[in-house]
Amino acid sequence: MCGYNVCHFGGTFSAYWRSRVGAWLVRAVHAILYVQHGAWLYVDDLLAFIHLSRLWGEATLILVFLEVIGAPINYK
């Protein structure tokens with residue numbers, strides 16, 4: 001399906017779907033944060049650059065968005 005012999009966690013298709021879900025999440029965060037910002041996806045981490053004066057409001061907005069869509073913020 002995706003051309004991988006071995007994928008993350010032993011799945012044959014997980015990298016195919018996880019990379020697309022991660023890309024969608026980054027695009028959604030870009031759309032939510034309409035002011036100057038930066039957001040990058042590195043493996044399974046979302047890295048964000050937000051101006052210090054707007055940090056708390058926009059970080060809260062990101063966390064509420066992830067909670068609403070059911071995205072796991074922290075793995076056990």
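Relative accessible area is used here to class residues as buried (under 20%), exposed (over 50%) or partly exposed (in between), with a 1.4 Å probe and protein chains only. The structure is a predicted model, in which local features need pLDDT of at least 70 and side-chain atom pairs count only at pLDDT 80 or more, whereas totals for chains, interfaces and linings use all residues. Residues are numbered from 1 along each chain as its sequence is written, and side-chain values use heavy atoms, with hydrogens and water left out.

The largest nonpolar core consists of nine residues, namely Ala-28, Val-29, Leu-33, Ala-39, Ile-50, Ile-62, Phe-65, Leu-66 and Ala-71; such a core is a set of buried Ala, Val, Leu, Ile, Met, Phe, Trp, Tyr and Cys residues joined through side-chain atoms within 4.5 Å. At least two residues of this core are supplied by each of α1 (14-32) and α2 (55-69), and the largest share, three residues, comes from α2. Helices (H or I, at least four residues) and strands (E, at least two) are DSSP runs numbered from the N terminus.

One aromatic pair is present in the structure. Trp-24 and Phe-65 form this pair with a tilted arrangement, at 6.3 Å centre to centre and 35 degrees between the planes; rings of Phe, Tyr and Trp (its six-membered ring) are paired if their centres lie within 6.5 Å, and planes under 30 degrees apart count as stacked, over 60 as edge-to-face and the rest as tilted. The pair links distant parts of the chain, with Trp-24 in helix α1 and Phe-65 in helix α2, 41 residues apart. Trp-24 is partly exposed at a relative accessible area of 42%, whereas Phe-65 is buried at 16%.

Glu-58, which lies in helix α2, is likewise buried, with a relative accessible area of 9%. Beyond its neighbours within four places in sequence, Glu-58 is in contact (heavy atoms within 4.5 Å) with Leu-33, Val-35 and Ile-50. Glu-58 also forms a salt bridge with Arg-54, the closest N and O atoms being 3.5 Å apart, where a salt bridge requires a side-chain nitrogen of Lys or Arg within 4 Å of a carboxyl oxygen of Asp or Glu. By this rule the count comes to one salt bridge, and Arg-54 is partly exposed, with a relative accessible area of 30%.

Leu-47, placed in strand β2, is partly exposed, with a relative accessible area of 43%.
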